[in-house]
Each structure stands twice: as structure tokens, then as C-alpha cells.
Amino acid sequence: MQKSVPILQVDGLSVRYGKVEALHSATLTVGAGQIVSVIGPNGAGKSTLLNAIMGALPQTGSSNGVIRYLDEDVAALPIERRVSRGMCLVPERRELFASMSVEDNLVLGAYRRKRAGERSFLDQLEPVFRLFPRLKERRRQAAGTLSGGERQMLAVGRALMAKPKLLMLDEPSLGLAPLIVKEIFHIVSALRETGVAILLIEQNARAALQISDFGYVLETGEFALKGPAQDLQHNPQVIETYLGLVKKAV
Ligand code: ATP
């Protein structure tokens, strides 16, 4: 079988904030329909990696390297152009419109498709409600009054309204109770069926590796390990540093 072109191929990507190099020559691939996770401790450079791929680094940051997306180098493209090609980032902060309803937040997620003249720009609303029945129940509720887990569901749901080809999730488990983390990861895993490729950044290594095809371990700005997620789950170094102390599977 012919190997398909990866959705994302990052090569030699480095990022500096002034004199500090936060990411050093990162090389990473996300294949079509894959879930790929990057795990690593606080400050390893995980958010920096996602922001650089998205073109969303703060002004103080500068990046170097190849970001090949759907066989085109997008490293010099502004964020809007990357978004319009189907890249989507759900940031750690979730950034919802607190006073607007759940449904209006979702509709806003399809804004670019509407602006591009797509008549069917709301076609993902029902699929999103099927994935997240809780959002459907609370469709009229203000986003600001949702629980942490529901807010995360809304952030992911809103991203899906844009029909992304590459969905990047920055620590979706952050601040959530284990049961909710389990639910969120179950849904992320189910997204595989929709064909979207997912790049997942996580400190919760166990939950991330359980649903991923491939994994990378980022430590102080460099990839220290990489491999099929199953192999990483059994790698003694990963077990000792990232999985060892947590006995309970989430
Ligand atoms: P966490 O899991 O805590 O979110 P992370 O792995 O996502 O951490 P980054 O937020 O990417 O790590 O940070 C990597 C390094 O870059 C850190 O040393 C951080 O202090 C530094 N850094 C991040 N953003 C900036 C910035 N805007 N200006 C200067 N340094 C920054």
C-alpha cells in the first residue's frame, strides 16, 4: 500500500523568546487520522511547540524551521491562513465567550466557514451535540456558568464546528477531575472516526498515551524519546518518570 502524505511534518523547528531557546530543533510527524501526543513536564516547551505550529507565538517569540502541512510549508503564513487551511488549536485557556450561550459559542466556531460563503456552515452542530450530549442539554446556558469539564467540551466542540483537518489540543485535562478527564479522552479518541488528525499536548501521560497512536516525550525543549504510544507506555524510562506513581488508570 502506498504511504499517504502526513498531515503535518515538522522539521528542525526551534523557538526563541529573546535569548532563551524554548524549543530546539523539533522534528515530528502526524499522519492522516492519527492521534499523536507530546508529553512532558511543566515548562518543557509543549505549548510553545503548538503555538509555533499554529503561528500563534507571542510577539517576543520567534521560530525557525519547516512546518509542512498538507504538503505545503506554512511556516511563513499568518495564523488566519493556517486556520483557513484547516488547522485548529484549542488553547489551554479555552477562551470561551462567557456571557454567550453554549450554542452561540458553537455557532461562532463556524464563523469562518460562514464568511467563506459555505451554506452548510452549521452542519457540525448536530454531530457535536451527539459527541457531547451534555452540551446539547445546556445549549441555552451561558458558557461562563459551565463546569470546568463542560467548558473543555465546549472548547473542543467549538473547534470541531470549523471542520478542522488537524486539531491541536493543549492540555485538555488541565484542572479536571479524573472522571471528567476519562470522559474527555474517550471523546477525543472517538474523534478518530471523523478522520480528523489530532496533536495532543499533555502532562497526563497515561491518559494521553492510552488513546494515541504515536507519542513524543519533550524535555527542556528537546524530544528525549519517541515511538508508538504502546511502546512508550512500556518504556521503563517513561514509566519511572511519567507513569510510575499513578497506579489508577484514568
Ligand atoms: P506547561 O506544561 O507548564 O504549560 P509547557 O511545556 O507548555 O509548560 P511552555 O509554556 O512552552 O512549556 O514554556 C517553555 C519555556 O519557554 C519555559 O521556560 C517558559 O518560561 C518559556 N516561555 C514561554 N512563553 C514565554 C514568553 N512569552 N516569553 C518568554 N519565555 C517564555
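This is a predicted model: local features need pLDDT of at least 70, side-chain atom pairs count only at pLDDT 80 or more; totals for chains, interfaces and linings use all residues.
Ser 173 touches Val 181, Phe 185, Glu 202 and Asn 204, leaving aside residues up to four places away in sequence. Where does Ser 173 sit? Its place is in the loop between β7 and α8.

Is Ser 173 buried or exposed? Its relative accessible area is 10%, which is under the 20% limit, so Ser 173 counts as buried.

## The six-stranded sheet

Let us step back to the sheet. Six strands form an open sheet in the order β6-β7-β8-β3-β9-β10, and their pairing is mixed. At its edges are β6 (87-90) and β10 (222-228), each of which pairs on one side only. On average, neighbouring strands of this sheet are turned by 15° against each other, with direction ignored.

Two helices can be followed as they pack on this sheet. Helix α8 (residues 178-190) touches β3 (35-39), β7 (166-170) and β8 (197-202), and its direction makes about 155° with that of β8. Helix α11 (residues 236-243) also packs on the sheet, where its contacts are with β3, β9 and β10. The direction of α11 makes about 65° with that of β9.

As background, strands of a sheet pair through backbone hydrogen bonds, in either a parallel or an antiparallel way. Both kinds can be traced here. β3 and β9 pair in the parallel sense over four bridges, and Ser 37 has Gly 215 of β9 as its bridge partner. Gly 215 in turn stands opposite Gly 227 in β10.

β9 (residues 214-219) and β10 run antiparallel and are joined by six bridges. Another pair to look for is Val 217 with its bridge partner Leu 225 in β10. The two strands form a hairpin with two residues between them, and Thr 220 in the turn has a positive phi of about 35°.

Glu 222 lies in strand β10. How accessible is Glu 222? With a relative accessible area of 42%, Glu 222 is partly exposed. Leaving out residues up to four places away in sequence, Glu 222 touches His 24 and Val 217. The C-alpha atoms of Glu 222 and Ser 25 are separated by 7.2 Å, although these residues are 197 residues apart along the chain.

Strand β1 (residues 8-17) and strand β2 (residues 20-30) run antiparallel and are joined by seven bridges. Val 15 has Leu 23 in β2 as its bridge partner. Two residues lie between these strands, and Gly 18 in this hairpin takes a positive phi near 60°.

## Nonpolar cores

Which residues have the most contacts inside the largest nonpolar core? They are Leu 167, Ile 198 and Val 238, in a core of 47 residues. Helix α7 (residues 148-160) gives the largest share of this core, six residues. At least three residues come from each of domain 1 (8-86 + 164-249) and domain 2 (99-163).

Not counting residues up to four places away in sequence, Ile 198 touches Val 30, Gln 34, Ile 35, Val 36, Leu 167, Leu 169, Val 188 and Leu 191.

The domain assignment gives domain 1 as 8-86 + 164-249 and domain 2 as 99-163. Their C-alpha centres lie 23 Å apart. In the contact, 15 residues come from domain 1 and 13 residues from domain 2.

The size of an interface is often given as the accessible area lost when the parts come together. Here, domain 1 and domain 2 bury about 1,200 Å² between them, with 76% of it on carbon and sulfur atoms. Which three residues supply more than any other three of the area that domain 1 buries against domain 2? They are Pro 164, Ile 184 and Ile 187, which together supply 37% of that area.

Key
Residues are numbered from 1 along each chain as its sequence is written. Side-chain values use heavy atoms; hydrogens and water are left out. Two strands pair if DSSP finds at least two bridges between them. Axes are lines fitted to C-alpha atoms, for helices over the stretch in contact, and angles run from 0 to 180 degrees between N-to-C directions. Contact means heavy atoms within 4.5 Å. A nonpolar core is a set of buried Ala, Val, Leu, Ile, Met, Phe, Trp, Tyr and Cys residues joined through side-chain atoms within 4.5 Å. Buried means under 20% relative accessible area, exposed over 50%, partly exposed in between (1.4 Å probe, protein chains only). Domain bounds come from an automatic or database domain assignment. Buried area is the accessible area (1.4 Å probe) that two parts lose on being put together, summed over both.
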